[in-house]
Amino acid sequence: EKDRPVVIALHCSLGSGRQWTRLAEALGDGFEMIAPDLSGYGGNFARPVLPTTLADEVVMLGEQIDRVTGPFHLVGHSYGGAIAFKMASSEKFASRIRSLTLIEPVLPTLLRDNPAERRLHDLFAEMGARVHVDLWNGMYMEALDRFLDYWSGSGPRETLTGEARRRLIETIEKVPFDFTGILGEVNVASAAVSLRVPTLLVSGGLSPYLTQRIVARLSTLIPGAEIRHLTAAGHMLPITHGNTINPDIVRHIELAEDFARVLLASPPATAQPRGDRPGHLRLM
């Protein structure tokens with residue numbers, strides 16, 4: 001159906017659009033869900049040129065979603081959350097986004113200016129550099145383990161089957177590009193302050209402290225942002241705790257959709273003459 005609202009959902013590093021299957025089910029038939037594979041992942045990993053900035057990612061994503069010409073709701077997790085944030089603060093897409101859901105977006109440079117939190121940024125950058133060196137030396141297993149260990153935070157490390165490990169190793173060469181993009185992103189705080197879209201921020205209590213702090217900082221910067229913290233969840237919470245968080249995401253999207261429809265249905269406000277009755281809105 002042509003008039004169904006569109007939800008675009010962006011996955012994490014080493015993931016694919018398939019991670020949003022349960023969210024698509026939770027949204028139901030009233031919405032059209034588009035969950036593209038980001039450049040270098042899923043069915044999109046054979047690209048000859050890989051992006052090295054979040055702006056590049058947005059351009060490449062634009063090629064995939066160009067059939068969506070109207071407004072849409074945007075959901076992003078981890079690296080996909082960083083791209084979603086970049087889209088929401090970009091000139092091309094900002095006015096078209098009806099709601100934004102960011103699940104632990106990886107925007108570490110937000111913490112760089114705070115002496116107390118700079119160490120979190122530096123440790124993350126150091127881990128990224130080590131992953132890069134491992135890959136350079138052909139140590140793909142070690143690179144994958146280093147990456148997964150970091151993201152398991154204070155939760156238990158997930159045990160992967162040999163087949164699952166093989167699939168992750170197939171696309172791990174994209175990870176250094178992701179690090180380059182997010183560590184090169186500047187002016188995150190001012191971009192956050194300028195956002196004018198209903199925003200839901202989600203974090204997990206077992207996640208790396210880095211992403212918990214990023215969500216906490218964003219909640220103080222994005223006007224009117226709502227925050228949902230799942231104390232027993234880790235960084236992969238869209239998958240591990242989908243049943244808990246998906247209803248909140250659906251509610252956030254539906255509320256923003258209803259609000260947009262009410263605004264669109266309202267007649268435009270007109271200026272009142274100076275002598276209007278007290279208590280009536282007057283546009284100056």
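## Packing of helices H4 and H5

In this predicted model, helix H4 (residues 118-136) packs with helix H5 (residues 140-151) at an angle of about 160°, and their axes are 7 Å apart. Because angles over 145 degrees count as roughly antiparallel, H4 is roughly antiparallel to H5. The crossing of the two helices is left-handed.

On the H4 side, the residues in contact are Phe124, Met127, Arg130, Val131, Asp134 and Leu135. They meet Tyr140, Glu142, Ala143, Arg146, Phe147, Tyr150 and Trp151 of H5. Sorted by class, this contact comprises nine nonpolar and four charged residues, with no polar ones.

## The sheet

Six strands make up an open sheet with parallel pairing, and their order is E2-E1-E3-E4-E5-E6. Strand E2 (32-34) and strand E6 (226-230) are the edge strands, each pairing on one side only. From one strand to the next, the twist averages 15°.

Within this sheet, strand E4 (residues 97-103) pairs with strand E5 (residues 199-204) over four bridges, in the parallel sense. Threonine 101 stands opposite leucine 200, a residue of E5.

## Helices lying across the sheet

Two further helices lie across strands of the sheet. Helix H3 (residues 79-88) lies across strand E1 (6-10), strand E3 (72-77) and E4, and runs at about 145° to E3.

Helix H9 (residues 209-221) lies across E4, E5 and E6. Its direction is at about 155° to E5.

Definitions and conventions. Residues numbered from 1 in each chain as written. Predicted model: local features only at pLDDT ≥ 70, side-chain atom pairs only at ≥ 80, totals over all residues. Heavy atoms only, no water. Axes fitted to C-alpha atoms, helices over the stretch in contact; angles between N-to-C directions. Parallel < 35°, antiparallel > 145°, perpendicular 65-115°, else oblique. Left-handed = near helix turned anticlockwise from the far one by under 90°. Contact = heavy atoms within 4.5 Å. Nonpolar A, V, L, I, M, F, W, Y, C, P; charged D, E, K, R; others polar. Pairing = 2+ DSSP bridges.
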